[in-house]
Amino acid sequence: MIAYPHGTPPAPGQSILVAPGIYWIRMPLPFKLDHINLWLLEDHDADGDLMGDGAGDGGGEIKGRGWTIVDTGYGMAQTHTWWERHFVETMQGMPVKRIIVTHYHPDHVGCAAWLHERTGAPVWMTATEFLSAHAAAEDTSGFDRATTAAFFIAHGLARIRPDFAVAQNERSNAYKRGVPTLPRQYHRLIDGDSLRIGTRHWTVKTVLGHAPEHAVLFSTGSSTDSLNGDSVLISGDQVLPRITTNVGVWGNQPEANPLKQFLDSMDKFSSLPAATLVLPSHDRVFTGVHERIAQLALHHEQRLAELMVAIREPKSAAEILPVLFKRELDNHQLVFAMGEAIAHLHYLWYAGRAKRIQAENGIYVFQAIA
Ligand SMILES: [Zn+2]
């Protein structure tokens, strides 16, 4: 069963203690998905702990006491204002020791450079996420709009949206809007790393499909014998309680199979204790990780089964959008919808359930293998 042990999420500027040493805060996003959850981890070292709570009051001067921040919010002035409030109220003037970014998407990395400048704390990311952020911001390495447009046109988009390439070229770099600056240096996170943050031990795991090398963090709590009582997973966008994570194929890896990678990555969670508290980037903190992963696998299998029916006659990704998305899509949503449609078709293709044919006009179509 999926349960939500904390009722109302924190309002911007507020915080909720969700597990020993872990605070849940929220930042606004300028989209339909209007918030992101961020996590503040108490990062007091042994010296700091010995001072006890409220001993002295040197604020940021107290040696050894501080915070690790996980994810940073969309890069806009409003987020900075909320951070300033958290520095004073939630974090009580104690220093930021480290900034961990789960992946390169704007709501996660957008304020990393600003936070680094503001606090001096180093930024920790996986290598692929760090480099992808720079490529997306600089419109290079196949993250550019021309590559994206050409890729989606090869999957039939021009037929349903003839203005797409033009509109795409006229747009400013959407990534940069949310990530005005990026850190030039970072501390690399690698799958299997263990981190000690305050009294907790954390293990880094990397997962694929949503982002190229997304980091999640798992903690069994402060003592080695706490098996079920205090397990926490910071799941980023990989496991969300109600929303389905976006999994898309993009122009720089036109033959990728990210849906398989995404589902396979869930195996990394199979040994988590059933009672693990999951801290997702969107929606609410929940328990029931194994049920949620089973639901997601079923959801995608149902979509694949619908597609198998839809592609009895050969169809392009653009032509199957109405099967996957019942609502009208604007040009921004269309990009993600196309990526997602191709991801499902590629899954069937690589599984031998469909074949891919390049039509005479150069457009890729997919047909179910009976
Ligand atoms: Zn994301």
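Two strands count as paired if DSSP finds at least two bridges between them. Helices (H or I, at least four residues) and strands (E, at least two) are DSSP runs, numbered from the N terminus. Keep both in mind for this tour of a predicted model, in which local features need pLDDT of at least 70, side-chain atom pairs count only at pLDDT 80 or more, and totals for chains, interfaces and linings use all residues. Residues are numbered from 1 along each chain as its sequence is written.

**Stop 1**

Which way do the side chains of β6 point? V123 and M125 point one way, W124 and T126 the other way, and all are buried. Buried here means that 20 or more other C-beta atoms lie within 10 Å of a residue's own; exposed means 12 or fewer, partly exposed is in between, and the C-beta atoms are placed from the backbone.

Show the side chains of W24 and W39: W24 stands opposite W39 in β3.

**Stop 1: two loop residues with positive phi**

Select D71, in the loop between β4 (67-70) and α2 (77-88). Phi of D71 is near 70°, a positive value in a residue other than glycine. Is D71 buried or exposed? With 26 C-beta neighbours inside 10 Å, D71 counts as buried.

Move on to Q92, in the loop between α2 and β5. Here phi is near 50°, again a positive value in a residue other than glycine. Q92 is partly exposed, with 15 other C-beta atoms within 10 Å.

**Stop 2: the six-stranded sheet**

Select β8 through β13. They form an open sheet of six strands in the order β8-β9-β10-β11-β12-β13, with mixed pairing. Its edge strands, β8 (194-197) and β13 (286-287), each pair on one side only. Zoom in on β12, residues 277-280: β12 and β13 pair in the antiparallel sense over two bridges, and V278 stands opposite F286 in β13.

**Stop 3: helix α10 and its surroundings**

Select α10 (residues 258-265) and α13 (residues 331-350), whose axes come within 7 Å and cross at roughly 85°. The two helices are therefore roughly perpendicular to each other (angles under 35 degrees count as roughly parallel, over 145 as roughly antiparallel, 65 to 115 as roughly perpendicular and the rest as oblique). P258, L259 and K260 of α10 make the contact with A343, H344, Y347 and Y350 of α13; residues are in contact if their C-beta atoms, placed from the backbone, lie within 7 Å.

Which residues of α10 are buried? They are P258, L259, F262 and S265. Look down the axis of α10: these buried residues fall within an arc of 130°, so they line one face of the helix. The arc is that of the directions from the helix axis to the C-beta atoms. What covers them includes β9 (200-207), α11 (289-310) and α13.

**Stop 4: I363**

Finish with I363, in the loop between β14 (354-358) and β15 (364-368). I363 is partly exposed, with 19 other C-beta atoms within 10 Å. Leaving aside neighbours within four places in sequence, I363 is in contact with A154, G156 and S316.

Note on methods
Axes fitted to C-alpha atoms, helices over the stretch in contact; angles between N-to-C directions. Contact = placed C-beta atoms within 7 Å.
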